Amino acid sequence: MRRLLLTVAAATVAAVTLTACGTTEPAADDAKKTAAPITLTDASGAKVELAGPAKKVVGTEWNVVESLVSLGVDPVGVADVAGYKTWNTAVPLKGEPKDIGTRGEPSMDTIASLKPDLVIATSDLPPAALQQLRKVAPVLEVRPGDAADPIGQMTKNLDLIAQATGTTAQSDKLKQGFQAKLDQGKKALADAGKGGAAYAFADGYVISNQVSIRPYTSGSLIGGVNEKLGLKNAWTVQGDEAYGLATSDVEGLTKLGDVEFAYIGNDGDKDSNPFAGVLAQDKVWTSLPFVQKGNVNRLPDGIWMFGGPESMNKYIDSVVAALTK
Amino acid sequence: MAVTAPTAATRPSSITSRTGAAAVTAALVLLVAGLAAVDITQGTASVGVPEVWRALTGRADPGDASVVIASRLPRMVAGLFVGAVLGMAGAALQAVSRNVLASPDTLAVNAGSYFGLGLLAVTGASLPLLASSGVAFVGGLAAAAVVLGLSGLGAGTVRLVLAGSALTLGLSAITEGLLLLFPQQTAGIFRWNQGSIAQHGFDGVLQMAPIGLVGLVGLLLLARRVDALALGDDAARGLGVPVRSTRVTAVVLAALLSTAAVTLAGPVGFVGMCAPALVRPLARRFRGFTRNRASLPVAGLTGAALVLGSDVLLRAVVRTDVAVAVPTGVVTSLVGAVFLIVMAIRVKDTATAAAVDRLRIRSRTVFLVTTAVLVAVLVGVIVAAVLVGDSKLLLGDVLNWAQGRAGRTTTFVLDTRVPRVVAALLAGAALALAGTLVQAVTRNPLAEPGILGVSGGAALGAVLLVTTVPLAGSWSVAGAAFAGAALSSVIVFGLAARGGFQQNRLVLVGFGVATASAALVSLLIILTDPFNATKALTWLSGSTYGRTLPDVVPLAIVLVVGLVVAVARRTELDLVSLDEDTPRLLGLSLGGSRFGFLLLGVLLSATAVAAAGTIGFVGLVAPHAARALVGRQHHRVVPVAVLLGAVLVCTADLVGRTVIAPAQLGAGLMTAVIGTPYFLHLLVRSRR
């Protein structure tokens, strides 16, 4: 033990002295400042000052990343790049952003080494982490969602990000496109006699041999879009304040009654699709009225349920296609 | 452990006690049946008593009938099954190891199974239930074998729990690490980890039932031999009982039973320890239960009542759609913890204090060399921790930073990294010191802030505050953590004080409080912030993420005070830790200083939790290792333990931040991964 400690100590000291001298970055010099400054107020009420439209942007949540890509700004850093690529193919990343770690604990070091002009984060990050990020770059904090007005919150976030990156024209175009898509979808559904149809959207996962179902209530972004499409949300359970998500099990589905049911799974994530998997054998599932009538619709993979207008456009297309088929 | 051994007292009326035993069994059966009946009327579907009745009599509409048949009944049966097998497994393990604390939880069987399943989940292979339970069985059995092998069959409680909790911590840390590395494959497994009896259809139960049956029949066949073991190994051998093979068979069967439970429902905590503990006082009342053949099924029944009762209670108390989100295991842990504490107080603790570890006397030179080496290692680790990370720095950067001339990136990296390094260092040192103090005061080698529930109480206090006041400052978090720690230590030490801090009572009560607080923390996070895995990680397993220098100020102050007191009062510490009588013979009353040391220990662990979450292990490992290295005098133990603690947590934090960068693992997880092998090595070495 003691010999081991001794060796370790000697080795560390030697290694440190041999390799650790010098610097990786020259001492600070005075940066040059140009362009018209931008001042914004973010979700935390803080003033965010930018020297000009941000070009090198880091996004810590996928909804923010999607908005950035939609606005034509390729983020330089994205949390969990592989996960984003699995779950959001509606708005694929264009460049090769640096992976900044997990969405819950993005790496401060990596973000700092990217020297971003702006970090866009959601209030899901711990306050202390947000405070630290403010030291590396201006931080635009956005609310991840608002169950009281999910679509409003999404567009508000989009606008804020657009202002910070000087892409308001593009954001107006996205919003118009989204509105047009909503109107179109609503009309298509009404024409097919599905106006006011009872509809329930969920996702689910299997852990060990147990199934969890996650209902998307009216407070979720998807739920908000459903209502704009003229569909009636059949979930009666209460969702959380930010995302409008609830928790349920297979039994809970019996309260839905005779509805149109839709879900999104992911082929890249086996456990994310109980509906086509383990539930096929489940008597509660198979005796549900909407299952017996074949009103279960799997929507295409890669639509991020918490994303921005482009994901939602894709969602509208796929719902309309599924319900009017 | 004398508690499990049948009391040789002669009871005159064996006939009345036999009817008594029958009556008790009948009452238990009725209770379980009643709970089962209530359980099938509860759930998220609006299927209540009338619908269930109609379904059972075949007159319900098909929807309701399917809910009863495919969801309620399987859940009820799973509850029965899981409770029964865990209860029996616990009873068998306690009997063969002659140890009241032996259970699937303490023998790391659950952790081993969980690890096996976690590995399986990560490989992405999707195996049928039976095959995956095979993996879980191998994992669980291997873990139990390691724990029993290290602690020695039939050896003291202390070693068993030490080895078991060490391996549990280490294995679960690796599993949790895997889960963090593969979050997509393992989404929601945090909840699974708590154990839930919900089922879809009878498939799972039907596939596990034969395993349970094999285990039960096997144990019943083995029961007579196990009874003989209670007489002691030599006496049993004298009766012609093959001691070794009996033990091995019983452990294998018990592992098989717990595997069935884990595969079906995830680790439902505490049932395996509680059910036999509840049966034990019965065995003293009614001699019929002293035989394993009778007590095994009764322990099974009690286990079933515990699991079903917890499920019923949860669904009765909480709104249905919320109840779905709360795993049954959280409730059994809470219920079990309360029972355990009550039992611990009532149990007559006949165990003597564990044999003091036989330590070689170390010379002064050894102490000086050890300290010097540790200081060098610490310096090396600190330098490495500051330089290495996602972005590697060099010493010149640090120099620039210290002089305020560093570039933007370097400044930021160091501004965020240095507080984390400091938090890890101080938390490690504080936990080690707290462990040293508490072990000295209670003269209990198991007394560690984590195991005694002090850290758990602190985490609970901190989480309560953080949930209600999102922008709480570092002083108020430290204050809330201290309030929680103080409350839990008042409970633990208050309850254990009766009869003078006896080994088992202290550890049992502490273990109960630790489990209860961990369950409450999980419950709070699930109920208030279900989608926040980071929060759960920070408070349940320790993380320095997002720490700033002001956050560690309370910890730094308390640590300095603690060190000063420990050094100034080193002689008292030596005396206190010696035995009950020597100080008295010397005419010293140590009541006051005992209380002071204890309070200091609580303060240290509370501030450490506030700064870095609950980091297990350090408070246990560091003082042990320090005593092994430099002997037991506190003027040597304190500095060495503190240095070791700081090195351990700082290394853990460094590794956690770098191995899977830019993603990261909590320091607590890494502490367990690094600490486990060393600790097990220590156990092996100290075995004579």
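Biologist: What share of the contacts in chain A between residues at least 6 apart in sequence join residues at least 24 apart?

Modeller: The share is 62%, where contact means heavy atoms within 4.5 Å. This is a predicted model, in which local features need pLDDT of at least 70 and side-chain atom pairs count only at pLDDT 80 or more, while totals for chains, interfaces and linings use all residues. Residues are numbered from 1 along each chain as its sequence is written, chains are lettered from A and ligands numbered from 1 in the order in which they are written, and side-chain values use heavy atoms, leaving out hydrogens and water.

Biologist: Why is α27(B) called largely enclosed by the rest of the structure?

Modeller: Buried means under 20% relative accessible area, exposed over 50%, partly exposed in between (1.4 Å probe, protein chains only). In α27(B), 20 of the 25 residues are buried, so the helix is largely enclosed.

Biologist: What makes β11 and β12 of chain A a pair?

Modeller: Two strands pair if DSSP finds at least two bridges between them. Strand β11 (residues 260–264) and β12(A) have 4 bridges, in the parallel sense. A:Ala262 stands opposite A:Asn297 in β12(A).

Conventions: Helix = DSSP H or I, 4+ residues; strand = E, 2+ residues; numbered from the N terminus.
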